[in-house]
Amino acid sequence: MPGERRTRTDVWPLLPLRGLLVFPTMVLHFDVGREKSVKALERAMAADHMLLLTSQEDSQVDDPEADDLFRVGTLAVVKQMMKLPNGTIRVLVEGLERCRIEEFVRTEGWFEVRVTRLPDPESPSMSPELEAMTRQVLHQFEQYVKLSKKIDADTYAALVDIAHPGKLADAIASHLPLKVKDKQELLETIPISERLEKLLQILSDEREVLELERKINQRVRKQMERTQKEYYLREQMKAIQRELGDKEGRGAEVDELREQLAKKVLPAEVHERVEKEIDRLERIPVASAEGTVVRNYIDWLLALPWLESAPSRVDLRHAERILNADHFGLEKVKERILEFLAVQKLTERQTGPIICLAGPPGVGKTSLAKSVARALSRPFIRVSLGGVRDEAEIRGHRRTYVGAMPGRIIQGMRQAGVRNPVFLLDEIDKMASDFRGDPASAMLEVLDPEQNHAFSDHYIEIPYDLSDVLFIATANNVWAIPGPLRDRMEVVHLSGYTEWEKLHIARHHLLPKQRDKHALGGDKVRVPDEVLLLLIRNYTREAGVRQLDRLLAAVCRKAARAIASGERRRVQVTPALVEEWLGPAPYRYGLVESEDQVGVATGLAWTEAGGDTLVIEVSVVPGKGKLLLTGHLGDVMQESAQTALSYVRSRAKQLGIPEDFAEKLDIHIHVPEGAIPKDGPSAGITIATAIASALTQRPVSRLVAMTGEITLRGRVLPIGGLKEKSLAAHRAGVRTVLYPKDNEKDLRDIPASVRDEIEFVPVSHMDEVLRAALLPADPHTTPLFAPDPASLASMVPESYEEGAHQ
């Protein structure tokens, strides 16, 4: 039965207490969470609900041994036990009697001890001395209650009704705000008279403290005004601490900082600065707001990794395996990263330019940086620079400002905890500048290997060494990065993925990830390759795979709902099911246009999201020779349109167009999707082809796309972004791409799968473009003018090879 007495010497489970002590007759609840304590509690509940409660000598010890426990404790019975949601157990215990530990029978798993029970006599003889001491204790306790006002009248009445002097002493002691060490002394005092005498001394001391507190309250209240209430409370606390002989609050804080400084290895300059700031903090009054500023500064200096480094290994084979496992394709990018790591391995230090991974969204720039960190076994820190327009975001604020903080770089180093992390500067092309400074200029010092060994942050004010940090930047548009900053980085372009690469990525990376995320393991959902190709071709138009990932997530959500509702046990995704779940396909796979049209030509454009196709429409109507441009065209593109028109006018005779057509006809050039700004010179030959088609009524082949800048004499000048534009043409189903002859060197950057399916025709003159793009006129169409076949045939120079375009 619970509470049943055993022999005078017996074995009990022991539960160690931290910062807590239970007296006999005391009823108390507390939480139990440590493994040994839980096992001891379970052992007691399996027997007679009784166990020994003993306090630890040091409450900071999390896993106490036998030597960490006091030898006198309280035998208690567990009245109630309840498990809490956080895994701990809340118990209600009642102390029974004192016990002395004679032997630790068990220390593994839980404590079991052999004890000698030390009960108080049931009816002690009340000698005159004991009676007098009991009355004196009650009197002192009554005075204490009046002064402290922390014990209510009901509790006081219940305590003074206790007739047993020993139980009275224990009950009063349990209500006093004593340290565990002082309470333990009372618990270890077995004779009742000695216990009462010690309690009397404690009550007398507490009463004196309360009297002093009252006097201090009166003195301070006279000195302070009501508007200085907060200051009064602080002064009251300081006065109490002085009377008790304890250290003031600032002293304890300073001691803690000095202890931290002693444990941390710092450069001599930093160590000297921290010591000086701690001495300064010690002299600042507690109530001063400057103390908080100095304390924050000291905390930052102590928290930064000045000398700590992560063990970094450069294993090229290991790094190559990680890059190949995390990313499919991107062979040139991975090769450049491995070359960069190889140089580091040989030189055994950070060297070479900073790598900037540039490309459209969703092609894996950030994940590549994470893979590099994993390959080097270094911490990975990412800082997003998009929208940063204040220099202080990089260099930090000066400490004279309210709420000053270090810059993003120093904050990232504190987060890393080592001085050699992999540091990703994400969206470095999205930084801006205004009246608060130019953050891009501040980045020059960060990324310059000749300067970043002594990076200056305005808040820290001590040069910080960033030379061991592996910086990797990402950007969508390299040309949005200021020239001097771009010069400090080596740009590695990630153009985008081909259809076959996207299929492989979806099958082996995206789909398994979404299956795990939606608990669709095994064969609960099956997505064949034809469905993946349908999503790639008809539901996405992107260089990366971010939208494809979102679509696969949507499919998995629909499948999860069908399985969770009991409609199906497993889901076989079909094209019809995709259309039901995701709606009609927003894009048409295959040809850019469904038929060859007059006055409509397909161009290729570069955007921050990769390449894209650009349809140019031209309409010719009777008028007075006006040129109308619509479609939100930029200045450069408008000039290209004027140049293209001038070229067509110069070739009017060869095209069979009257030379005075510009005086009788208005030409309207339109680029669809007018809400999107468009600019750049590479649409010149496309605009010229569309104008020539509209004037001659000859349709432009829908299988042909083109890119190139045009001059007044008809020369085709080189352009940029040929790889991105070629991928866009491949996605659109184009079969022939006309490109400037001077860009032939860029063909090797285009994936072989694209080169196998698209015929690339180099052109150096606009006449070659018209020969390749224009089809014969429809005999049923009424021509605007009667072209001269002989003149038209003479347009193409003899150097143009017949049959280059089928």
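Trainee: Where is Asn-476 found?

Mentor: This is a predicted model. In it, Asn-476 is found in the loop between β10 (470-475) and α17 (483-487).

Trainee: Why is Asn-476 called buried?

Mentor: Its relative accessible area is 10%. Buried means under 20%, so Asn-476 falls in that class.

Trainee: How far is Asn-476 from Gly-714?

Mentor: Their C-alpha atoms are separated by 33 Å, and the two residues are 238 residues apart along the chain.

Trainee: What makes the contact between Asp-170 and Arg-195 a salt bridge?

Mentor: The closest N and O atoms of Asp-170 and Arg-195 are 3.5 Å apart. The cut-off is a side-chain nitrogen of Lys or Arg within 4 Å of a carboxyl oxygen of Asp or Glu, so the pair qualifies.

Trainee: Are Asp-170 and Arg-195 buried or exposed?

Mentor: Asp-170 is buried, with 2% relative accessibility. Arg-195 is buried as well, with 1%. Each value is set against the limit of under 20%.

Trainee: How many salt bridges does the structure hold?

Mentor: It holds 42.

Trainee: How do you know that Asp-279 and Arg-258 form one of them?

Mentor: Their side chains meet at 2.8 Å, N to O, and the limit is within 4 Å. The pair links distant parts of the chain, with Asp-279 in helix α9 (residues 268-283) and Arg-258 in helix α8 (residues 249-263), 21 residues apart.

Trainee: Which other residue forms a salt bridge with Arg-258?

Mentor: Glu-282 does, and the closest N and O atoms of that pair are 3.2 Å apart. This pair also links helix α8, which holds Arg-258, to helix α9, which holds Glu-282, across 24 residues.

Trainee: Why are Asp-279, Arg-258 and Glu-282 called partly exposed?

Mentor: Asp-279 has 31% relative accessibility, so it is partly exposed. Arg-258 has 33% and is partly exposed. Glu-282 has 44% and is partly exposed.

Trainee: Which residues form a negative surface patch?

Mentor: Glu-57, Asp-58, Asp-63, Glu-65, Asp-67 and Glu-108 form it. Asp and Glu count as negative.

Trainee: What makes Asp-63 partly exposed, and where does it lie?

Mentor: Asp-63 lies in the loop between β3 (50-55) and β4 (72-83). Its relative accessibility is 47%, so it counts as partly exposed, since exposed means over 50%.

Trainee: What is noted about the phi of Thr-25?

Mentor: Phi of Thr-25 is near 70°, a positive value in a residue other than glycine. Most residues other than glycine have a negative phi. Thr-25 is placed in the loop between β1 (9-17) and β2 (27-32). At 36% relative accessibility, Thr-25 counts as partly exposed.

Trainee: What is the phi of His-49, and where is His-49 found?

Mentor: Phi of His-49 is near 70°, again a positive value in a residue other than glycine. His-49 is found in the loop between α1 (35-46) and β3. Its relative accessibility is 23%, so His-49 counts as partly exposed; buried would need under 20%.

Methods: Residues numbered from 1 in each chain as written. Predicted model: local features only at pLDDT ≥ 70, side-chain atom pairs only at ≥ 80, totals over all residues. Heavy atoms only, no water. Patch = residues over 30% accessible without salt bridge, like charges linked within 9 Å, V, L, I, M, F, W, Y side chains within 5 Å. Areas by Shrake-Rupley, 256 points an atom, 1.4 Å probe, with all protein chains shown as cover. Charge placed at Lys NZ, Arg CZ, Asp CG, Glu CD. Helix = DSSP H or I, 4+ residues; strand = E, 2+ residues; numbered from the N terminus. Buried < 20%, exposed > 50% of the residue type's maximum accessible area, 1.4 Å probe, protein only.
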